[in-house]
Amino acid sequence: MTGQDSSSSAGNQADIANHLHSVAIHLLRRARQEDLSTGLAPARLSALSVIGFGGPCTVTDLAEAEQVAVPTISRIVAALVAQGLVERQENAHDRRTIHLVATPKGMDVLREGRRRRTAQLGTMLAQLTTVEQATIAEAVTLMERMLHSASEE
């Protein structure tokens, strides 16, 4: 590869990355509109999702995952507990450690939210041709591979 080819490739990668970033944000915003039906504030729904789909975690782990301070996440957790969506459980091996666990009601909220978001995306995909849908399916597979490779670095 010549110097110009390498520079051209890097410029193209930057253009693709910029476009992918924009499209991903717009897709997520559109899908998140369905989250309004849960009745939960976005921060609460996000925290519930981390607990429900990520498995039991401590308040500190949740704060780190959500990139907020422990006092902030503690208020969110208190609200989720009050709503019956999350419960605190003692660790059997270390009673000083409390794990947050999604309740069956919390998991129902998460599953219904996911169903609504994927239905929204499915409606959007249905507007495309079969060939275009196959292209997107291939692109999704490539993005998964890209993410997997990045997480191994």
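Predicted model: local features only at pLDDT ≥ 70, side-chain atom pairs only at ≥ 80, totals over all residues.

Tutor: Glutamate 112 and arginine 116 sit four residues apart in helix H5, about one turn of the helix. Their side chains form a salt bridge, 3.1 Å from N to O. Glutamate 112 is partly exposed at 30% relative accessibility, and arginine 116 is partly exposed at 29%. The pair belongs to a network of salt bridges that links Glu112, Arg115 and Arg116.

Aspartate 108 and arginine 111 are also in helix H5, three residues apart and so separated by about one helical turn. They form a salt bridge with the closest N and O atoms 3.0 Å apart. Aspartate 108, at 46% relative accessibility, is partly exposed, as is arginine 111 at 45%.

Arginine 117 bridges to aspartate 35, with 2.5 Å between the closest N and O atoms. Aspartate 35 lies in the loop between helix H1 and H2, so this pair ties together parts 82 residues apart in sequence. Aspartate 35 is buried, with a relative accessible area of 13%, whereas arginine 117 is partly exposed at 22%. In total, the structure holds four salt bridges.

H5 (residues 104-125) also packs against H2 (residues 42-54), at an angle of about 105 degrees and with the axes 10 Å apart. That makes the two helices roughly perpendicular. On the H2 side the contact includes Leu45, Leu48 and Phe53; on the H5 side it includes Met107, Val109, Leu110 and Arg114. By class, six residues of this contact are nonpolar, three polar and one charged.

Definitions and conventions
Residues numbered from 1 in each chain as written. Heavy atoms only, no water. Axes fitted to C-alpha atoms, helices over the stretch in contact; angles between N-to-C directions. Parallel < 35°, antiparallel > 145°, perpendicular 65-115°, else oblique. Contact = heavy atoms within 4.5 Å. Nonpolar A, V, L, I, M, F, W, Y, C, P; charged D, E, K, R; others polar. Buried < 20%, exposed > 50% of the residue type's maximum accessible area, 1.4 Å probe, protein only.
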